[in-house]
Amino acid sequence: MIRKTLVVLVALVLVLVPGPAKADLQNPRQAFLRGSVSGLFLHWGERTAPAHTNCAAWEKDVNSGGWTPDYWVKEAQKLHAQYLVLATFHSRLGYARPWPSKIPGSCSTKRDFLGELIAAAKSRGLRVILYMTDDPQWHNEGGHEWLNSAAYSSYKGHNVDLTTRDGFGEFSYDNFFEVMDRYPDLGGFWIDNDNAYWESHNLYAQIYQKRPNYTLSNNNEDTPIMDMISNEQKTGMTPSYDYPQAIYTAAPRLIEADFKLPSTGAWWYDGSNPSVDRTLTLGRLVTNAGSSVKALMAETAQVNGKFPSNQEAFNNFVNGWIAPIWDSLHGTEGGGYLYGGLQPGAWNDGAYGVTTISKTDPDLHYIHVITKPSGSTLRVRDNGYRVTGVTNPRTGAAIAYSQAGGSLTLTGLSGWDPYDTVFKVTTNGRVGIYPPSTYTMSASASAGGHPASAAADGDYLSYWDSNKTTPVSLRFDLGSAKRIQYLGINQREDSVSYSRSSTEQSARIKDYRVYVSADGTNWGNPVRSGTLPSRRGVQFIDLPATTARHIRLEVVDTYAASSDTTRYKRLRVDEAWIGSDYATSGGGGGPQPVRQEVSAP
């Protein structure tokens with residue numbers, strides 16, 4: 001995971017060109033999302049309990065209940081969220097539009113709730129994103145017809161059946177433009193899946209053209225033209241809070257995880273007041289930050305906008321809990337991935353957590369211990385960083401530490417936080433890693449456009465692809481005999497890291513063998529063989545210290561089963577490197593790497 005400047009050329013969006021469209025991977029309009037840690041997801045509409053079937057009656061009860069946009073903004077601030085997503089034009093909530101609309105077809109309020117919320121959020125440095133559904137199938141949810149095809153048909157001058165996907169696509173298409181015309185300060189749209197009418201009418205390209213500051217987020221489907229993909233309520237991983245295990249999109253693509261804070265019950269207020277599982281929720285928030293994934297946290301607003309007491313209590317708790325460790329989450333990227341950083345995941349004695357790395361200081365790191373070790377010692381793979389100090393941000397206390405064998409060891413630990421014990425780690429850079437300019441790479445198989453050299457170019461927009469070949473070998477030629485101590489590997493994070501189903505599995509290295517050679521012809525027996533864990537983030541293979549010119553990593557097989565035809569035998573490596581020596585806190589021999597900065601979006 002050697003670092004250098006990523007020169008990212010931002011292409012112009014294809015605004016009116018037909019055919020497959022693809023949004024910019026990185027664009028200035030994405031800055032506020034890339035700078036965010038989390039958002040507050042608000043499902044609130046006509047069917048919020050007690051459900052209404054009359055639009056005017058619902059609005060009257062909202063107003064008489066004392067709804068105010070300031071409440072939502074302040075609750076978001078307690079969570080330290082940077083944006084709000086308002087889901088009122090929602091298929092299961094009555095397709096209500098919380099703004100005065102000239103377009104008939106579903107409930108539209110006289111009061112401009114959306115406009116008031118946008119203004120209130122803007123005044124405090126937050127943004128509002130509007131949820132838009134493509135789905136008419138719930139038009140008669142609860143035995144009531146929520147869509148008025150006759151009124152919309154009269155308005156359009158031709159017959160439109162809003163209960164069909166094309167008819168609803170036309171109706172919602174018009175609403176996109178009404179919103180864009182009225183709300184220049186809206187942050188963008190959060191779109192639930194897709195609609196063929198939108199696609200055939202180039203909706204997304206027109207949004208980027210009309211409102212260049214808007215972002216587009218898509219739920220569950222990684223639609224290329226969208227700025228961000230959101231992953232809805234993923235479960236089944238171990239530990240249960242490690243949400244990124246179920247994510248299959250590789251950064252620097254913008255990625256979001258959306259999940260319910262009361263992990264049981266509906267996404268919207270159904271009259272109940274379930275408790276919020278703090279361990280699960282805060283674990284999700286932190287592990288997402290540790291993987292550069294935005295956390296969209298759903299709370300269930302009542303008719304008057306207020307949250308049930310258990311959710312309010314959680315927000316109040318988070319406000320105080322997160323403040324002392326905020327710098328470890330905000331202004332950071334996930335550690336152990338393309339931005340560098342210490343290794344995340346399973347550590348010693350049952351400990352588990354993630355790491356983060358400062359966007360502005362590549363030598364500043366944080367360790368987040370979500371599940372504490374059974375003893376008073378923590379060992380984390382140091383990824384070549386030479387450590388100069390460790391402190392506890394909550395107390396300011398210095399932590400005793402040492403470095404050896406590629407790991408940072410913290411000792412004498414106690415007073416663990418029940419949700420996230422954070423350690424601030426200062427370093428003076430990485431040592432003992434050969435710069436990629438000093439060696440060449442080759443492979444026994446490569447897919448077109450993804451050669452072995454892409455695994456040693458410091459560019460995480462490129463990668464080596466084995467062309468679904470196993471066994472397969474990746475070779476390093478150091479040019480002359482040099483000391484070797486370990487291999488470091490960042491595999492592409494475009495698959496889940498555990499088997500979610502027979503067709504959604506991990507495309508990561510499983511069994512491997514490592515050989516060394518003086519001449520590149522005679523290899524002898526492997527110097528190391530074993531099994532890498534199917535985990536996200538940087539992985540290491542330690543070798544018996546030796547001197548050689550050639551190193552060959554042979555991947556025997558990968559984790560995905562043949563039932564997952566997309567990922568079976570697929571292997572993609574962003575970066576791979578050779579470590580000559582382990583770092584030590586007092587020095588650390590071996591060659592100094594060329595300092596390489598990956599530009600944080």
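A: N383 is buried, with a relative accessible area of 0%, where buried means under 20% relative accessible area, exposed means over 50%, and partly exposed is in between, using a 1.4 Å probe and protein chains only. This residue lies in the loop between β13 (378-381) and β14 (385-391), and its phi is near 55 degrees, a positive value in a residue other than glycine. Helices (H or I, at least four residues) and strands (E, at least two) are DSSP runs numbered from the N terminus. The model is a predicted one, in which local features need pLDDT of at least 70 and side-chain atom pairs count only at pLDDT 80 or more, while totals for chains, interfaces and linings use all residues. Residues are numbered from 1 along each chain as its sequence is written, and side-chain values use heavy atoms, with hydrogens and water left out.

N467 also has a positive phi, near 60 degrees, and is not a glycine, but at 45% relative accessibility it counts as partly exposed. N467 lies in the loop between β19 (464-465) and β20 (472-491), and P471 is placed in that loop as well. A cis peptide bond with omega of about -10 degrees joins T470 and P471. Another cis peptide bond joins A49 and P50, with omega of about -5 degrees, and P50 lies in the loop between β1 and α2.

Just after α4, G125 takes a positive phi of about 80 degrees.

L84 is in contact (heavy atoms within 4.5 Å) with L40, L42, W72, V73, A76, A121, L126, R127, V128 and I129, leaving aside its neighbours within four places in sequence. In soluble globular proteins, nonpolar side chains tend to be buried together. A nonpolar core here is a set of buried Ala, Val, Leu, Ile, Met, Phe, Trp, Tyr and Cys residues joined through side-chain atoms within 4.5 Å. The largest such core has 91 residues, of which W44, W72, L84, L114, F176, L186 and F189 touch the most other members. Its largest share, seven residues, comes from helix α6 (residues 165-182). A second, separate core of 36 residues includes Y439, A456, W464 and Y512.

A cavity is a set of points on a 1 Å grid over the protein atoms alone where a 1.4 Å probe fits but cannot get out, and lining residues have an atom within 4 Å of a point. Volume is the space filled by probe spheres set on the points, which are joined across faces, edges and corners. About 140 Å³ lies in the largest cavity, which is lined by 14 residues, with A251, Y337, L338, E493 and D574 nearest its centre. The lining divides into six nonpolar, five polar and three charged residues, where Ala, Val, Leu, Ile, Met, Phe, Trp, Tyr, Cys and Pro count as nonpolar, Asp, Glu, Lys and Arg as charged, and the others, Gly among them, as polar.

How values were computed: 1 Å grid on protein atoms, 1.4 Å probe; cavity = no way out; pocket = protein on both sides within 12 Å on 5 of 7 lines; lining within 4 Å.
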